[in-house]
Amino acid sequence: MTDRSRRPLAVFDLDNTLADTAHRQRFLERRPRDWDAFFAAAPQDPPLAEGVAMVRESARECEVVYLTGRPERCRRDTLDWLEAHGLPEGTVHMRGDADRRPARYTKLAILRRLARTRDVRVLVDDDELVCEDARRAGFTVVQARWATPSGELKAAQEREGRT
């Protein structure tokens, strides 16, 4: 049963929704992929204006939640990035360091858990498969299409469960 007395949740992905990862894609193009370098470069991600505007607008009526496929070991860098760019405060849900399930499974599980006690007004994510599965599960979804898509990142999300 959801608590209707609390503000609804607006759930936002980070990579390629709020943060532009284009400058660090090169680490995924080599074999083997350099995940340590990919995540180490995340603090230099420029913000994506469209996503930032949407999260700020959503914060007027909703409690913001961040839902990312980044591993837990990136939490400090992620929190610092959110603060440095003046984004609304919100709980950050991250993938366990050893969790290699595709993002569509990890994120949908967290969305369902959130929805057990709260009204989830919207999910904003760039991952097409995450968006499709969330829609099928009954969630309202906005697919972030404002970042340059990366085939390498998409493959990594699905096959390697890394972000």
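Of the 163 residues in the protein, 51% are buried (under 20% relative accessible area with a 1.4 Å probe, protein chains only; exposed is over 50%, partly exposed in between). The model is predicted: local features need pLDDT of at least 70, side-chain atom pairs count only at pLDDT 80 or more, and totals for chains, interfaces and linings use all residues. Residues are numbered from 1 along each chain as its sequence is written, and side-chain values use heavy atoms, with hydrogens and water left out.

**Exercise 1. State how many helices and strands the protein has, and their order.**

Step 1. Helices (H or I, at least four residues) and strands (E, at least two) are DSSP runs, numbered from the N terminus.
Step 2. The protein has seven helices and five strands.
Step 3. Along the sequence, the pattern is β-α-α-α-β-α-β-α-β-α-β-α.
Step 4. With contact taken as heavy atoms within 4.5 Å, 73% of the contacts between residues at least 6 apart in sequence join residues at least 24 apart.

**Exercise 2. Determine how the buried residues of helix H3 are arranged and what covers them.**

Step 1. Helix H3 spans residues 49-58, and its buried residues are Gly51, Val52, Val55 and Ser58.
Step 2. These residues lie on the same side of H3, because they cover an arc of only 135° around the axis; the arc is that of the directions from the helix axis to the C-beta atoms.
Step 3. The cover over the buried residues of H3 includes strand S1 (9-12) and strand S2 (63-71).

**Exercise 3. Repeat the analysis for helix H4 and identify the exposed residues on its opposite face.**

Step 1. In helix H4 (residues 75-84), Thr78, Trp81 and Leu82 are buried.
Step 2. Their arc down the axis of H4 is 95°, so the buried residues line one face of the helix.
Step 3. An α-helix has 3.6 residues a turn, so residues three or four places apart point the same way.
Step 4. Arg76, Glu83 and Ala84 are exposed, on the face turned away from the buried side of H4.
Step 5. The buried residues of H4 pack against S2 and strand S3 (91-95).

**Exercise 4. Describe the packing of helices H5 and H6.**

Step 1. Two packed helices are described by the angle between their axes and the distance between the axes.
Step 2. Helix H5 (residues 103-115) and helix H6 (residues 128-136) pack at about 40°, with axes 9 Å apart; axes are lines fitted to C-alpha atoms, for helices over the stretch in contact, and angles run from 0 to 180 degrees between N-to-C directions.
Step 3. H5 is therefore oblique to H6, since angles under 35 degrees count as roughly parallel, over 145 as roughly antiparallel, 65 to 115 as roughly perpendicular and the rest as oblique.
Step 4. The contact involves Ala103, Arg104, Lys107, Leu108 and Leu111 of H5, together with Leu129, Val130, Asp133 and Ala134 of H6.
Step 5. Lys107, at 3% relative accessibility, counts as buried.
Step 6. Beyond its neighbours within four places in sequence, Lys107 is in contact with Asp13, Leu67, Thr68, Gly69, Asp125 and Val130.

**Exercise 5. Examine the backbone at Pro32 and Asn16.**

Step 1. Most residues other than glycine have a negative phi, and most peptide bonds are trans.
Step 2. The peptide bond from Arg31 to Pro32 is cis, with omega near -5°.
Step 3. Pro32 is located in the loop between helix H1 (26-29) and helix H2 (35-40).
Step 4. Asn16 has a positive phi, near 65°, and belongs to the loop between S1 and H1.
Step 5. At 4% relative accessibility, Asn16 is buried.
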